[in-house]
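Welcome! Please take a moment to look over the sequence and the model, and then we will walk through a few of the features together.

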Amino acid sequence: MNYFIGTAGSGKSTLTGLFKDYITKRDSEISAITLNLDPGVKTMPYVPDIDIRDFIVLEEVMTEYELGPNGAMILASDLMVNFLDDLKYEIDEYNPDWVFVDTAGQLELFAFRETGPLIASSLGFGSIQKAVSFLFDSNLARRPNGFISTLLLAASVQFRFRNISQINVLSKVDLLSEDQIEMIVNWSQDFQALEDSTNERESGLIRELSMLISEVFIQLGSTSELIPCSIKEEQGLDLLFAYYQRIFASDKSSFY
Ligand SMILES: Nc1nc2c(ncn2[C@@H]2O[C@H](COP(=O)(O)OP(=O)(O)OP(=O)(O)O)[C@@H](O)[C@H]2O)c(=O)[nH]1
Ligand SMILES: [Mg+2]
(Lines give C-alpha, C1' and ligand atoms only; values in the text may rest on other atoms or scores of the structure.)
(Ligands and ions follow the chains in the order given, each with its own letter.)
Protein backbone atom coordinates (compact mmCIF):
# COMPACT_ATOMS: atom_id res chain seq x y z
CA MET A 1 0.00 0.00 0.00
CA ASN A 2 1.63 3.21 -1.12
CA TYR A 3 0.54 6.74 -0.23
CA PHE A 4 1.51 9.53 -2.62
CA ILE A 5 1.93 12.72 -0.60
CA GLY A 6 3.33 16.05 -1.76
CA THR A 7 2.74 19.74 -2.26
CA ALA A 8 -0.23 20.94 -4.35
CA GLY A 9 0.20 20.11 -8.02
CA SER A 10 3.37 18.05 -7.49
CA GLY A 11 1.99 15.20 -9.63
CA LYS A 12 0.44 12.84 -7.05
CA SER A 13 -2.71 12.01 -9.02
CA THR A 14 -0.90 11.59 -12.33
CA LEU A 15 1.66 9.27 -10.71
CA THR A 16 -1.06 7.28 -8.91
CA GLY A 17 -2.87 6.51 -12.16
CA LEU A 18 0.27 5.90 -14.14
CA PHE A 19 1.89 3.63 -11.58
CA LYS A 20 -1.11 1.33 -11.48
CA ASP A 21 -0.88 0.96 -15.28
CA TYR A 22 2.90 0.56 -15.13
CA ILE A 23 2.76 -2.23 -12.60
CA THR A 24 0.00 -4.20 -14.26
CA LYS A 25 1.68 -3.88 -17.68
CA ARG A 26 4.93 -5.07 -16.18
CA ASP A 27 3.38 -8.22 -14.78
CA SER A 28 -0.17 -9.18 -15.71
CA GLU A 29 -0.30 -11.53 -12.72
CA ILE A 30 -0.11 -8.57 -10.34
CA SER A 31 -3.32 -6.77 -9.46
CA ALA A 32 -3.24 -3.11 -8.47
CA ILE A 33 -5.95 -0.62 -7.58
CA THR A 34 -6.12 3.11 -6.99
CA LEU A 35 -7.77 4.80 -4.02
CA ASN A 36 -8.61 8.50 -4.12
CA LEU A 37 -8.58 10.17 -0.70
CA ASP A 38 -9.10 13.72 -1.95
CA PRO A 39 -12.74 14.62 -1.19
CA GLY A 40 -12.43 17.99 -2.94
CA VAL A 41 -11.00 17.01 -6.31
CA LYS A 42 -13.12 17.89 -9.36
CA THR A 43 -11.31 16.30 -12.29
CA MET A 44 -8.72 13.58 -12.14
CA PRO A 45 -6.20 12.18 -14.64
CA TYR A 46 -7.40 8.59 -13.93
CA VAL A 47 -10.58 6.85 -12.82
CA PRO A 48 -10.07 5.70 -9.22
CA ASP A 49 -11.14 2.15 -8.34
CA ILE A 50 -12.16 3.31 -4.87
CA ASP A 51 -13.14 6.91 -4.26
CA ILE A 52 -13.72 8.77 -0.99
CA ARG A 53 -16.09 11.04 -2.96
CA ASP A 54 -18.57 8.14 -2.97
CA PHE A 55 -18.91 8.82 0.75
CA ILE A 56 -18.06 12.51 1.18
CA VAL A 57 -18.80 15.26 -1.31
CA LEU A 58 -17.20 18.63 -0.60
CA GLU A 59 -20.18 20.65 -1.88
CA GLU A 60 -22.54 18.74 0.41
CA VAL A 61 -20.29 19.40 3.42
CA MET A 62 -20.27 23.11 2.49
CA THR A 63 -24.08 23.23 2.33
CA GLU A 64 -24.79 21.06 5.34
CA TYR A 65 -22.35 22.79 7.69
CA GLU A 66 -22.57 26.24 6.07
CA LEU A 67 -18.83 26.38 5.49
CA GLY A 68 -16.65 27.96 2.85
CA PRO A 69 -14.47 25.74 0.63
CA ASN A 70 -11.46 25.77 2.95
CA GLY A 71 -13.35 25.06 6.18
CA ALA A 72 -15.36 22.37 4.38
CA MET A 73 -12.19 20.76 3.09
CA ILE A 74 -10.77 20.56 6.62
CA LEU A 75 -14.02 19.03 7.92
CA ALA A 76 -14.32 16.67 4.93
CA SER A 77 -10.80 15.40 5.58
CA ASP A 78 -11.59 14.84 9.24
CA LEU A 79 -14.85 13.06 8.35
CA MET A 80 -12.99 10.51 6.24
CA VAL A 81 -12.24 8.47 9.35
CA ASN A 82 -15.97 7.67 9.63
CA PHE A 83 -15.73 5.68 6.42
CA LEU A 84 -12.70 3.55 7.20
CA ASP A 85 -14.76 0.36 7.42
CA ASP A 86 -16.35 1.08 4.03
CA LEU A 87 -12.95 1.71 2.45
CA LYS A 88 -11.56 -1.45 4.04
CA TYR A 89 -14.52 -3.43 2.75
CA GLU A 90 -14.04 -2.15 -0.80
CA ILE A 91 -10.30 -2.87 -0.73
CA ASP A 92 -11.00 -6.41 0.49
CA GLU A 93 -13.48 -6.92 -2.33
CA TYR A 94 -10.69 -6.26 -4.81
CA ASN A 95 -8.17 -8.27 -2.78
CA PRO A 96 -5.32 -6.54 -4.65
CA ASP A 97 -1.56 -7.01 -4.51
CA TRP A 98 -1.01 -3.25 -4.52
CA VAL A 99 -3.05 -0.21 -3.50
CA PHE A 100 -1.91 3.21 -4.71
CA VAL A 101 -3.39 5.96 -2.59
CA ASP A 102 -3.80 9.49 -3.90
CA THR A 103 -4.02 12.20 -1.23
CA ALA A 104 -5.31 15.78 -1.20
CA GLY A 105 -3.38 18.69 -2.66
CA GLN A 106 -3.40 20.44 0.71
CA LEU A 107 -0.91 18.04 2.21
CA GLU A 108 -1.29 19.50 5.70
CA LEU A 109 -4.88 18.16 5.82
CA PHE A 110 -3.74 14.60 5.36
CA ALA A 111 -0.34 14.65 6.95
CA PHE A 112 -0.53 17.14 9.81
CA ARG A 113 -4.00 16.50 11.20
CA GLU A 114 -4.92 13.20 12.83
CA THR A 115 -6.62 11.82 9.72
CA GLY A 116 -3.69 10.63 7.62
CA PRO A 117 -1.74 8.64 10.20
CA LEU A 118 -5.02 7.19 11.49
CA ILE A 119 -6.13 6.12 8.02
CA ALA A 120 -2.69 4.71 7.24
CA SER A 121 -2.63 2.63 10.41
CA SER A 122 -6.26 1.45 10.06
CA LEU A 123 -6.27 0.60 6.36
CA GLY A 124 -2.85 -0.96 6.51
CA PHE A 125 -3.24 -3.03 9.63
CA GLY A 126 -1.54 -6.33 10.44
CA SER A 127 0.88 -7.65 7.87
CA ILE A 128 -0.10 -5.17 5.17
CA GLN A 129 3.02 -3.34 4.10
CA LYS A 130 3.02 0.38 3.65
CA ALA A 131 5.15 3.09 2.09
CA VAL A 132 4.88 6.84 1.67
CA SER A 133 6.21 8.37 -1.53
CA PHE A 134 6.81 12.07 -0.96
CA LEU A 135 6.94 14.15 -4.13
CA PHE A 136 9.45 16.99 -4.51
CA ASP A 137 8.08 19.13 -7.36
CA SER A 138 10.94 20.05 -9.73
CA ASN A 139 9.36 23.49 -10.08
CA LEU A 140 10.07 24.14 -6.39
CA ALA A 141 13.14 22.00 -5.80
CA ARG A 142 15.24 23.51 -8.60
CA ARG A 143 16.42 26.32 -6.28
CA PRO A 144 18.16 25.66 -2.96
CA ASN A 145 15.53 27.57 -0.93
CA GLY A 146 12.65 25.68 -2.62
CA PHE A 147 14.51 22.42 -2.13
CA ILE A 148 15.04 23.16 1.56
CA SER A 149 11.36 24.10 2.12
CA THR A 150 10.28 20.85 0.46
CA LEU A 151 12.85 18.91 2.45
CA LEU A 152 11.38 20.33 5.66
CA LEU A 153 7.91 19.23 4.58
CA ALA A 154 9.21 15.77 3.65
CA ALA A 155 10.92 15.48 7.03
CA SER A 156 7.69 16.54 8.82
CA VAL A 157 5.71 13.92 6.89
CA GLN A 158 8.31 11.29 7.80
CA PHE A 159 7.98 12.35 11.42
CA ARG A 160 4.15 12.06 11.29
CA PHE A 161 4.19 8.64 9.59
CA ARG A 162 7.22 7.47 11.50
CA ASN A 163 6.49 3.74 11.32
CA ILE A 164 6.18 3.80 7.54
CA SER A 165 9.13 3.75 5.13
CA GLN A 166 9.35 6.90 3.04
CA ILE A 167 10.68 7.28 -0.46
CA ASN A 168 11.42 10.79 -1.70
CA VAL A 169 10.67 11.35 -5.38
CA LEU A 170 11.80 14.29 -7.52
CA SER A 171 8.79 14.67 -9.83
CA LYS A 172 8.53 16.31 -13.29
CA VAL A 173 12.25 16.00 -14.07
CA ASP A 174 11.46 16.53 -17.78
CA LEU A 175 11.37 20.22 -16.78
CA LEU A 176 15.06 20.07 -15.78
CA SER A 177 18.36 19.55 -17.58
CA GLU A 178 20.50 16.48 -16.80
CA ASP A 179 22.91 18.72 -14.87
CA GLN A 180 20.12 20.18 -12.77
CA ILE A 181 18.77 16.71 -11.95
CA GLU A 182 22.23 15.55 -10.90
CA MET A 183 22.73 18.65 -8.76
CA ILE A 184 19.37 18.29 -6.95
CA VAL A 185 19.82 14.55 -6.33
CA ASN A 186 23.26 15.39 -4.98
CA TRP A 187 21.74 17.95 -2.59
CA SER A 188 19.67 15.15 -1.05
CA GLN A 189 22.82 13.13 -0.38
CA ASP A 190 25.43 15.74 0.34
CA PHE A 191 24.16 18.60 2.45
CA GLN A 192 27.52 20.30 2.20
CA ALA A 193 26.84 20.64 -1.54
CA LEU A 194 23.42 22.07 -0.68
CA GLU A 195 25.03 24.58 1.64
CA ASP A 196 27.54 25.55 -1.07
CA SER A 197 24.75 26.05 -3.63
CA THR A 198 22.77 28.08 -1.09
CA ASN A 199 25.80 30.24 -0.51
CA GLU A 200 26.23 30.84 -4.25
CA ARG A 201 22.62 31.37 -5.26
CA GLU A 202 20.67 32.88 -2.39
CA SER A 203 21.14 36.16 -0.56
CA GLY A 204 20.07 38.05 2.55
CA LEU A 205 17.74 36.51 5.09
CA ILE A 206 16.78 33.58 2.83
CA ARG A 207 20.44 32.63 2.51
CA GLU A 208 21.00 32.83 6.25
CA LEU A 209 17.91 30.81 7.07
CA SER A 210 18.65 28.23 4.38
CA MET A 211 22.21 27.84 5.66
CA LEU A 212 20.96 27.30 9.21
CA ILE A 213 18.45 24.68 8.07
CA SER A 214 20.95 22.83 5.92
CA GLU A 215 23.32 22.84 8.92
CA VAL A 216 20.62 21.01 10.88
CA PHE A 217 20.30 18.42 8.13
CA ILE A 218 24.11 18.05 7.96
CA GLN A 219 24.11 17.29 11.68
CA LEU A 220 21.22 14.85 11.36
CA GLY A 221 23.02 12.88 8.65
CA SER A 222 21.67 12.20 5.19
CA THR A 223 18.04 11.60 4.34
CA SER A 224 16.92 9.15 1.68
CA GLU A 225 18.12 9.65 -1.87
CA LEU A 226 15.77 11.49 -4.23
CA ILE A 227 14.45 9.37 -7.10
CA PRO A 228 14.11 11.41 -10.31
CA CYS A 229 10.82 10.68 -12.04
CA SER A 230 8.95 12.03 -15.02
CA ILE A 231 5.48 10.98 -15.93
CA LYS A 232 5.62 12.80 -19.24
CA GLU A 233 8.67 10.83 -20.31
CA GLU A 234 7.87 7.72 -18.26
CA GLN A 235 11.28 8.07 -16.62
CA GLY A 236 12.29 6.69 -13.22
CA LEU A 237 9.39 4.27 -12.82
CA ASP A 238 11.69 1.20 -12.87
CA LEU A 239 13.86 2.73 -10.17
CA LEU A 240 10.83 3.66 -8.06
CA PHE A 241 9.47 0.14 -8.46
CA ALA A 242 12.84 -1.27 -7.36
CA TYR A 243 12.65 0.87 -4.21
CA TYR A 244 9.16 -0.43 -3.43
CA GLN A 245 10.37 -3.96 -3.90
CA ARG A 246 13.23 -3.33 -1.53
CA ILE A 247 10.84 -1.96 1.10
CA PHE A 248 8.35 -4.79 0.65
CA ALA A 249 10.96 -7.51 0.10
CA SER A 250 10.21 -9.33 3.33
CA ASP A 251 6.80 -10.54 2.09
CA LYS A 252 6.45 -10.62 -1.68
CA SER A 253 3.00 -12.19 -1.57
CA SER A 254 1.35 -9.30 0.18
CA PHE A 255 2.28 -5.85 -1.03
CA TYR A 256 -0.73 -4.01 0.28
N1 LIG B 1 6.00 18.34 -17.09
C2 LIG B 1 5.39 17.48 -16.29
N3 LIG B 1 4.17 17.77 -15.80
C4 LIG B 1 3.58 16.88 -14.99
C5 LIG B 1 4.21 15.64 -14.64
N6 LIG B 1 3.37 14.99 -13.79
C7 LIG B 1 2.29 15.76 -13.64
N8 LIG B 1 2.40 16.90 -14.35
C9 LIG B 1 1.44 18.00 -14.47
O10 LIG B 1 1.34 18.68 -13.22
C11 LIG B 1 0.00 19.11 -13.01
C12 LIG B 1 -0.51 18.60 -11.66
O13 LIG B 1 -0.55 17.18 -11.72
P14 LIG B 1 -1.46 16.35 -10.71
O15 LIG B 1 -1.15 14.91 -10.92
O16 LIG B 1 -2.87 16.78 -10.78
O17 LIG B 1 -0.83 16.83 -9.33
P18 LIG B 1 -1.41 16.62 -7.87
O19 LIG B 1 -0.25 16.59 -6.95
O20 LIG B 1 -2.33 15.45 -7.84
O21 LIG B 1 -2.26 17.95 -7.68
P22 LIG B 1 -3.26 18.31 -6.48
O23 LIG B 1 -4.04 17.06 -6.17
O24 LIG B 1 -4.07 19.43 -7.00
O25 LIG B 1 -2.37 18.71 -5.35
C26 LIG B 1 -0.82 18.60 -14.20
O27 LIG B 1 -0.93 19.64 -15.12
C28 LIG B 1 0.03 17.48 -14.75
O29 LIG B 1 -0.15 17.26 -16.13
C30 LIG B 1 5.50 15.36 -15.20
O31 LIG B 1 6.15 14.32 -14.97
N32 LIG B 1 6.03 16.31 -16.01
MG1 LIG C 1 -4.34 15.32 -7.12
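Predicted model: local features only at pLDDT ≥ 70, side-chain atom pairs only at ≥ 80, totals over all residues.

## Around the ligand

The shell around ligand 1 has 18 residues, of which Gly11, Ser13, Thr14, Gly105 and Ile231 come nearest. What kinds of residue make up this shell? It divides into nine polar, five charged and four nonpolar residues.

Helix α1, residues 12-26, gives the most to the shell around ligand 1: three residues.

## A closer look at α1

In α1, Lys12, Ser13, Leu15, Thr16, Gly17, Phe19 and Lys20 are buried. What do the buried residues of α1 pack against? Their partners include the strands β1 (2-6), β2 (32-36), β4, β5 (131-137) and β6 (165-171). Helix α12 (237-247) is also among the elements they pack against.

## Two helices that meet

Two packed helices are described by the angle between their axes and by the distance between those axes. For helix α2 (residues 58-65) and helix α3 (residues 69-79), the angle is about 105° and the axes are 9 Å apart. Angles of 65 to 115 degrees count as roughly perpendicular, so α2 is roughly perpendicular to α3.

Which residues make the contact? From α2 come Leu58, Val61, Met62 and Tyr65, while α3 brings Pro69, Ala72, Met73, Leu75 and Ala76. By class, this contact of α2 with α3 has nine nonpolar residues, with no polar and no charged ones.

## Two loop residues with positive phi

Let's finish with two loop residues. Glu66 lies in the loop between α2 and α3. Its phi is positive, about 50°, although Glu66 is not a glycine. Is Glu66 buried or exposed? A residue counts as exposed if 12 or fewer other C-beta atoms lie within 10 Å of its own; Glu66 has 9, so it is exposed.

Asn95 is found in the loop between α4 (84-94) and β4 (98-102). Asn95 is a residue other than glycine, and its phi is positive too, near 45°. Asn95 counts as exposed because it has 9 C-beta neighbours inside 10 Å.

Note on methods. Residues numbered from 1 in each chain as written. Chains lettered and ligands numbered in written order. Near = placed C-beta within 6 Å. Helix = DSSP H or I, 4+ residues; strand = E, 2+ residues; numbered from the N terminus. Nonpolar A, V, L, I, M, F, W, Y, C, P; charged D, E, K, R; others polar. Axes fitted to C-alpha atoms, helices over the stretch in contact; angles between N-to-C directions. Parallel < 35°, antiparallel > 145°, perpendicular 65-115°, else oblique. Contact = placed C-beta atoms within 7 Å. Buried ≥ 20, exposed ≤ 12 C-beta atoms within 10 Å, placed from the backbone.
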